[in-house]
Amino acid sequence: MSTIQILGTGSALPEQIRTNGDIEKLVDTSDAWIQERTGIKDRRIADGAAGESVASLAAKAAARALENAGKHPEEVDLILVATCSPEYLLPCCACQVQAEIGAKKAVAFDLNAACSGFLFGLQTAYCYLQSGIYKNALIIGSEVLSKLVDWEDRGTCILFGDGAGAVYVETVEENGRVWSMVQGSNGAKGMILSCKERDLTTPTPDLFIRMNGQEVYKFATRQVPLCIEEALQQANLTVENIDLFLLHQANVRILESIAHRLKVSMEKIPKNLETRGNMSSAAIPVLLDECNRAGKLHRGDTIVLSGFGAGLTYGACIMTW
Ligand code: UT7
């Protein structure tokens, strides 16, 4: 039976680095507090004047994923962009990427599941590919959250960063394997992490990200291990069978708590949040690309991808690299 396999990865980050020291100048915080409570030292921030946008970063990451897979843009069937910070409501970012990279025959659309967006995109692509509708797909997570962050709110502005990551997946007859995919949403808790759309009827609209950090923290440390355990159970695997856990990069303490609950060594949980911050839907594909290019992923490895985010949403996927 055919399945899907990731054949190429790519990522793109803005040039500009914003350190914790830079943020000390904006709000009442300290480099020591941020590092101790989050593990983050600096993050990349897009410069719109230099042409860095959700669409341009997404297109760069996509082109790199295709190059990595040895594929031509005109071969691409489907482009999915997961983003919660697009420049345009219309046209969607995926269509902008299509035009930019010259993927003329592709069908392109966006989806928004916040930080779980890439995982939800992967599952959507999997369904299309498994059903035979398309043979391949580019799945991209791209965010410029810096424009949605309130740089006067120390509870959120320390966390987020900008960037894009992409994978190229294809239907394969052998070697690849998707062991299991789990998704979940809890809309009833949605307002603990929110950002309002522009509303011209409201005189003083609050357009920034608002978050109850402790509630999100509790949700993540409880839900992510549960969801990974469910995915393992569905696949009839145990944590010992997993070579790497590529998890949403939000807070190093969340990663450590997940490791503790699953009884997994932190050595199996790569991280890049020290220098990337939380890039929402881009976090997992950027981490994947960095691990791929650093030679940390080997064909045949069994990997877990898992994340959580606004919605609330969460997901886990177990696949063969
Ligand atoms: O993709 C999903 C995105 N969101 C997340 O993953 C967020 C998950 N939550 C978190 O990562 C953590 O809750 C935060 C990093 C946001 C906050 O860390 P915390 O350990 O939960 O801190 P806290 O909110 O319990 O605040 C502890 C103290 C408070 O002071 P008092 O009341 O104890 O005097 C805060 O006012 O730290 C204070 N505080 C800060 N101090 C310095 C809160 N933010 C800051 C700050 N710098 N940036």
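Biologist: Which residue of E13 stands opposite valine 182?

Modeller: Alanine 316 in E13 stands opposite valine 182. A word on the basis: this is a predicted model, where local features need pLDDT of at least 70, side-chain atom pairs count only at pLDDT 80 or more, and totals for chains, interfaces and linings use all residues. Numbering starts from 1 along each chain as its sequence is written, and side-chain values use heavy atoms, without hydrogens or water.

Now the sheet. It is open, with four strands in the order E8-E13-E12-E11 and mixed pairing. Strands are DSSP runs (E, at least two residues), and helices are runs of H or I of at least four, numbered from the N terminus. Two strands pair if DSSP finds at least two bridges between them. Strand E8 (177–185) and strand E11 (244–247) are the edges; each has a single partner strand, so one side of each lacks a neighbour in the sheet. From one strand to the next, the twist averages 10°, with axes fitted to C-alpha atoms and angles running from 0 to 180 degrees between N-to-C directions. E8 and strand E13 (residues 313–320) run antiparallel, joined by eight bridges.

Next, the ligand. Domain 1 (2–173) and domain 2 (179–320) both give residues to its shell, so the ligand lies between them. The domain bounds come from an automatic or database assignment. Helix H6 (213–235) is one of the suppliers, and H6 gives the most, with four residues.
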